[in-house]
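I opened this entry to keep track of what I looked up, one topic at a time.

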Amino acid sequence: MEAKNKDLWVFIETKEDGSAKNVGIELLNPGRHLAEKQGGELVGIVIGDNTGAAVDTVMSHGVDKILVVNGNEYKEYTTDAYVAAFYHLVEKHGPTTILIGATSIGRDMGPRLACRLETGLTADCVSLDIDEESGNVAWTRPAFGGNLMATIMCPDHRPQIGTIRPGVYKKPLEMKKDVVIINEKFSVPAEQIRTEMLEVIKEAAGEMVDLEGAEIIVSGGRGVGGPEGFESVRELAEALGATVGSSRAAVDAGWISESHQVGQTGKTVGPRLYIACGISGAIQHLVGMSGSDVIVAINKDSEAPIFKVADYGVVGNLFEILPILTAEVKKLKG
Amino acid sequence: MNILVCIKQVPDTTEIKIDPVTNTLIRSGVPSIVNPFDAYALEAAARIKDNNPDTKIVVLSMGPEQAKEALRECLSVGGDKAYLVSDRAFGGSDTLATSYILSEAIKKLEETEGKFDAIFCGKQAIDGDTAQVGPEIAEHLDYPQVTLGLETELHGDTLKVLKKDDDGKKVIGVKLPGVITFTMSKTEPRYPTIKSKMAAKRAEILTLCAADLKAIDVARIGLKGSPTKVKKSFVPEQNKTCIIIQEESNEESAKKLFGLLNDSHAI
């Protein structure tokens with residue numbers, strides 16, 4: 001497909017109540033930057049039911065235009081309805097670039113959409129830029145379990161599409177322009193939606209972990225030694241008002257639930273402060289947390305790779321260090 | 001029930017090391033394995049077969065001749081027949097071209113194996129980590145899809161799929177034929193028996209090449225047929241200057257760390 005303009009689109013995922021999820025809003029920040037380099041407009045794409053609140057949110061984050069597809073069939077995400085609606089929009093308006101959050105929905109919809117458009121898609125990107133020479137988007141993503149980074153381009157097909165890891169661009173852009181809102185009428189007949197949601201099993205409230213939005217994360221790894229060992233990690237987290245994270249090793253060992261996992265196969269995080277306790281720093285973990293502002297590593301092995309990405313490294317016994325640190329924090333906050 | 005399972009032979013990425021001098025991946029000596037997510041897809045098919053003994057499981061892979069080893073492994077843990085799609089012309093294919101070739105191979109196999117009711121894939125391969133080939137096969141075949149599957153239950157011509165999503169789990173009903181991609185779950189892949197291993201060793205694995213896929217459009221395969229191009233690849237650098245704290249006692253270290261974090265307003 002030929003691009004009809006130089007516009008850059010950002011897919012705004014909506015919740016069932018119609019409001020915008022953070023993942024799309026945070027992409028408007030790099031979206032603004034790339035759209036300007038590309039010489040086109042920044043367009044928010046809102047698909048959902050009762051999307052008024054989502055549109056209001058998108059308005060104040062630097063977009064020039066919002067395309068809205070509203071309808072009851074979009075209340076819950078289905079591959080068939082969302083891909084049909086998105087494809088219709090692309091065919092009609094012909095953007096140059098599309099950014100989609102690499103959530104479970106984004107990674108379900110993205111490949112299906114790219115395939116229907118017979119174009120290229122780069123998955124799970126952690127950095128975006130415009131290649132000066134060609135003007136293409138240079139999409140950078142980890143592969144081989146995070147051991148290797150690859151920069152991918154889609155030179156001859158439009159639109160060029162990428163899914164971007166949530167949490168990579170954590171700061172939303174606050175900017176209000178004169179926004180054009182276009183309501184697109186597009187409906188998908190029920191018989192064309194070939195899947196049906198039968199049941200939703202929410203995680204118990206105590207198990208919900210917002211790692212991506214956390215300001216401070218205290219994580220435990222193999223070095224905490226067992227589920228009991230996580231107690232001192234939890235206590236420090238509580239004192240700091242932090243979220244508890246973990247390495248894959250601790251999840252695989254069954255010490256803590258998967259929803260806490262940071263890394264290539266877990267969440268990518270970018271808190272203000274990340275405290276890694278007893279985490280050696282396998283590349284698969286580092287790829288998920290090295291974007292944190294300040295990194296503290298506490299490990300008894302002074303050779304552990306985690307120290308290569310840390311700002312402060314404490315070599316010692318975490319079972320002695322954590323309680324003292326927790327007590328000091330409590331004194332400060334007390 | 002007639003199930004096709006797509007698998008990939010991959011290097012075990014947990015065994016990959018970086019050459020500290022050249023700062024590149026050391027690929028030699030890294031064992032080749034069946035992509036772990038694909039093993040869960042095969043296990044899901046094998047469980048359907050456990051309950052419905054008239055089920056046939058056909059395993060398909062695209063790759064070099066060496067990938068037959070991975071296919072044999074699959075034959076020892078539930079697969080009934082295996083096919084390899086292999087041709088130099090397929091080299092350099094990105095996900096769009098790969099999924100196109102696989103969908104053409106699936107159509108070709110249906111001539112002899114009968115129509116597949118379900119196509120199972122791993123959610124992603126651990127070398128590329130794209131998670132695109134499954135949904136793209138579904139699009140080429142115009143089938144519905146469910147991604148991140150954990151367990152399935154067959155009810156007539158509908159498959160109930162327990163799937164993972166960002167906030168928990170869901171059960172999705174999908175009318176067959178359809179494509180389901182699987183992630184790791186509690187249903188761990190079974191082990192082969194000596195008998196099944198022996199049988200897999202003797203099994204014939206047929207190869208399909210580009211010329212066998214008569215309907216294939218050569219402009220859509222290989223490097224030329226791939227819209228995405230790798231511009232460069234590099235090993236991520238980690239060279240922050242770390243302030244090491246190692247005092248006489250752990251207590252002093254903890255207090256020093258607290259002081260530094262407090263002074264820099266990190267806490």
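This is a predicted model: local features need pLDDT of at least 70, side-chain atom pairs count only at pLDDT 80 or more; totals for chains, interfaces and linings use all residues.

The side chain of Thr140(A) makes a polar contact with the side chain of Thr151(A), at 3.0 Å. I placed Thr140(A) in strand β7 of chain A, residues 137-143. Is Thr140(A) buried or exposed? I noted 9% relative accessibility, so Thr140(A) counts as buried, the cut-off being under 20%. Then I listed its contacts, leaving aside neighbours within four places in sequence. Within chain A they are Cys125(A), Val126(A), Ser127(A), Met149(A), Ala150(A) and Thr151(A). Phe234(B) is also in contact with Thr140(A).

Next, the sheet. I traced seven strands of chain A in the order β5-β9-β4-β1-β2-β3-β10. The sheet is open and the pairing is parallel. Which strands stand at the edges? They are β5 (121-125) and β10 (180-184) of chain A. Each has a single partner strand, so one side of each is left without a neighbour in the sheet. The twist averages 20° from one strand to the next.

I then looked at one pairing within it. Strand β4 (residues 97-101) and strand β9 (residues 160-164) of chain A run parallel and are joined by five bridges. Opposite Ile100(A) I found Thr163(A), in β9(A).

Helix α1 of chain A, residues 22-38, came next. I found α1 lying across β1 (8-12), β2 (42-48), β4 and β9 of chain A. Helix α1 runs at about 180° to β1(A).

Aromatic rings followed. I noted six aromatic pairs over all chains. In one of them, Trp9(A) and Phe86(A) have ring centres 6.2 Å apart and planes at 40°, so the pair is tilted. The pair links distant parts of the chain, with Trp9(A) in strand β1 and Phe86(A) in helix α3 (residues 79-93) of chain A, 77 residues apart. Both Trp9(A) and Phe86(A) are buried. I also found them in one aromatic cluster with Phe11(A), Tyr74(A), Tyr77(A) and Tyr82(A).

Last, the cysteines. How many disulfides does the structure hold over all chains? I noted zero. I checked Cys277(A): the closest cysteine sulfur, in Cys242(B), is 14 Å from its own, too far for a bond. Cys277(A) counts as buried, at 0% relative accessibility. For Cys74(B), the closest cysteine sulfur is in Cys6(B), 11 Å away, again too far for a bond. Cys74(B) is buried, with a relative accessible area of 2%.

Definitions and conventions:
Residues are numbered from 1 along each chain as its sequence is written. Chains are lettered from A and ligands numbered from 1 in the order in which they are written. Side-chain values use heavy atoms; hydrogens and water are left out. Helices (H or I, at least four residues) and strands (E, at least two) are DSSP runs, numbered from the N terminus. Buried means under 20% relative accessible area, exposed over 50%, partly exposed in between (1.4 Å probe, protein chains only). A polar contact is a pair of N or O atoms within 3.5 Å; within protein, one must be able to donate a hydrogen and the other to accept it, and residues adjacent in sequence count only if both atoms are side-chain atoms. Contact means heavy atoms within 4.5 Å. Two strands pair if DSSP finds at least two bridges between them. Axes are lines fitted to C-alpha atoms, for helices over the stretch in contact, and angles run from 0 to 180 degrees between N-to-C directions. A disulfide is a pair of cysteine sulfur atoms within 2.5 Å. Rings of Phe, Tyr and Trp (its six-membered ring) pair if their centres lie within 6.5 Å; planes under 30 degrees apart count as stacked, over 60 as edge-to-face and the rest as tilted.
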